[in-house]
Amino acid sequence: MDKKKVSLVLGSGGARGYAHIGVIEELERSSYEIVSISGSSMGALIGALYACNKIDEFKEWVLGLNGMDLTTWLDISWDNRSGIFRGIKLMEKLATMIGDKNIEDLLIKYRV
């Protein structure tokens, strides 16, 4: 039987990001093939991780974090113009996880 094809659009919101992972897992378990993915904010991050085939690695890393780990990954900014957290350490971690990839070279269509 052929897989059903779906294009996935993921919204913003940090907590939703974890729900997005569950949705992706359930779509795959239900024999859907995600042929394109787009997202905003956290949805863009989860979409990128999926398009790079790194969603499982990210999930494993996140599930291994505890409260103290979070304080080391969130670098506080005292500059009110850029928000309370800069996210530089987190972006560096994600860059090592994803690697040096161009959006046009991903296995599925991905838009932010």
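The contact (heavy atoms within 4.5 Å) is made by E57, F58 and W61 of α3 and by L90, K93, L94 and M97 of α5. These residues divide into five nonpolar, no polar and two charged.

The model is predicted, with pLDDT of at least 70 required for local features and 80 or more for side-chain atom pairs, while totals for chains, interfaces and linings use all residues. Residues are numbered from 1 along each chain as its sequence is written, and side-chain values use heavy atoms, without hydrogens or water.

I then noted the geometry of the pair. Helix α3 (residues 55–63) and helix α5 (residues 88–98) pack at an angle of about 140 degrees, and their axes lie 11 Å apart. I therefore recorded α3 as oblique to α5; angles under 35 degrees count as roughly parallel, over 145 as roughly antiparallel, 65 to 115 as roughly perpendicular, and the rest as oblique.

Next I looked up S31, in the loop between α1 (14–29) and β2 (32–39). S31 is not a glycine, yet has a positive phi of about 65 degrees.

Last, I located S41 in the loop between β2 and α2 (42–51). S41, also not a glycine, has a positive phi of about 55 degrees.

Conventions. Helices (H or I, at least four residues) and strands (E, at least two) are DSSP runs, numbered from the N terminus. Axes are lines fitted to C-alpha atoms, for helices over the stretch in contact, and angles run from 0 to 180 degrees between N-to-C directions. Ala, Val, Leu, Ile, Met, Phe, Trp, Tyr, Cys and Pro count as nonpolar, Asp, Glu, Lys and Arg as charged, and the others, Gly among them, as polar.
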